[in-house]
Amino acid sequence: MARHTTLSTRVLLVCAAIGVATGIVGGIAGVLTPVVLATVPFTYGLLLGAHVLPGIIAQEVLRLPLVAILTHVLAAVVSSAFNPAWTGRFIGTALLFGAIQEGVAALTRYRAWGAWRFFISAFIIGVLVAVVVFFAAHLSALPLWAQIAYLALSVCGPVAWTAVGLAIGASLRRAGVARQGTAR
């Protein structure tokens, strides 16, 4: 008798497909980063928010433990093809965002899949990104209006991308990507 494992071949393949698609989005965001930082640095948080997509989509589709972090890492590998010099940044971001998303899901024992849960992880990521990047990129040198805009966009960016990810994930579930035997 075959034993059901959480990360079956089918689950791994779904994570890989989501990882490739969202890795392309992350790679494009990585390519745009220097342009954004040079021209409109206060919008960087909105761009960085795109990196929440892998875990959000994977968790919405599969509703299983570990799929967020696995999909994030796969997406980071794909994103690295766009800018190999940033491989460490892509993987670090993937591990951080994936761990936050898994952590929030673990707090509900992987039983609560309402949109509120996804938006909590998005808000945590947004606040963390806002604070870290503000100091790391010396955004305090910007005019006050740009600092306020940066902080608002850094928190709103992951929240907005989460809404996009939930819509994509819900569409994939309706299309039958997550069959009944995979997730409950």
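In this predicted model, the mean pLDDT of the protein is 91, and 94% of its residues reach 70 or more.

The largest nonpolar core comprises 21 residues, of which Ile125, Val129, Val133 and Tyr150 touch the most other members. At least two residues of this core come from each of helix 1 (9-39), helix 2 (44-48), helix 5 (87-107), helix 6 (115-136) and helix 7 (144-174). Helix 6 contributes the most, with five residues. Leaving aside residues up to four places away in sequence, Val133 is in contact with Tyr44, Leu48, His138, Leu139 and Tyr150. Another core, of twelve residues, lies apart from this one, and its members include Val61, Leu64, Val67 and Ala178.

The buried residues of helix 5 are Phe90, Thr93, Ala94, Phe97, Gly98, Ile100, Gln101, Glu102, Val104 and Ala105. In general, an α-helix has 3.6 residues a turn, so residues three or four places apart point the same way. The cover over the buried residues of helix 5 includes helix 1, helix 2, helix 3 (53-62), helix 4 (67-80) and helix 6. Just after helix 5, Arg109 adopts a positive phi of about 55 degrees.

The aromatic side chains complete the picture. Six aromatic pairs are found in the whole structure. One of them, formed by Phe42 and Trp145, is edge-to-face, with 5.1 Å centre to centre and 70 degrees between the planes. Because Phe42 lies in the loop between helix 1 and helix 2 while Trp145 lies in helix 7, this pair ties together parts that are 103 residues apart in sequence. Trp145 is exposed, with a relative accessible area of 54%. Trp113 and Phe118 form a tilted pair, 6.2 Å centre to centre and with 40 degrees between the planes. Trp113 counts as buried at 10% relative accessibility, as does Phe118 at 0%. Ring pairs join Trp113 and Phe118 with Tyr110 in a cluster. Over the ring of Phe118 sits the charged end of Arg117, 4.1 Å from the ring centre.

Note on methods:
Residues are numbered from 1 along each chain as its sequence is written. This is a predicted model: local features need pLDDT of at least 70, side-chain atom pairs count only at pLDDT 80 or more; totals for chains, interfaces and linings use all residues. Side-chain values use heavy atoms; hydrogens and water are left out. A nonpolar core is a set of buried Ala, Val, Leu, Ile, Met, Phe, Trp, Tyr and Cys residues joined through side-chain atoms within 4.5 Å. Buried means under 20% relative accessible area, exposed over 50%, partly exposed in between (1.4 Å probe, protein chains only). Helices (H or I, at least four residues) and strands (E, at least two) are DSSP runs, numbered from the N terminus. Contact means heavy atoms within 4.5 Å. pLDDT is the predictor's confidence in each residue, from 0 to 100. Rings of Phe, Tyr and Trp (its six-membered ring) pair if their centres lie within 6.5 Å; planes under 30 degrees apart count as stacked, over 60 as edge-to-face and the rest as tilted. A charge sits over a ring if NZ of Lys or CZ of Arg is within 6 Å of the ring centre and within 35 degrees of the ring normal.
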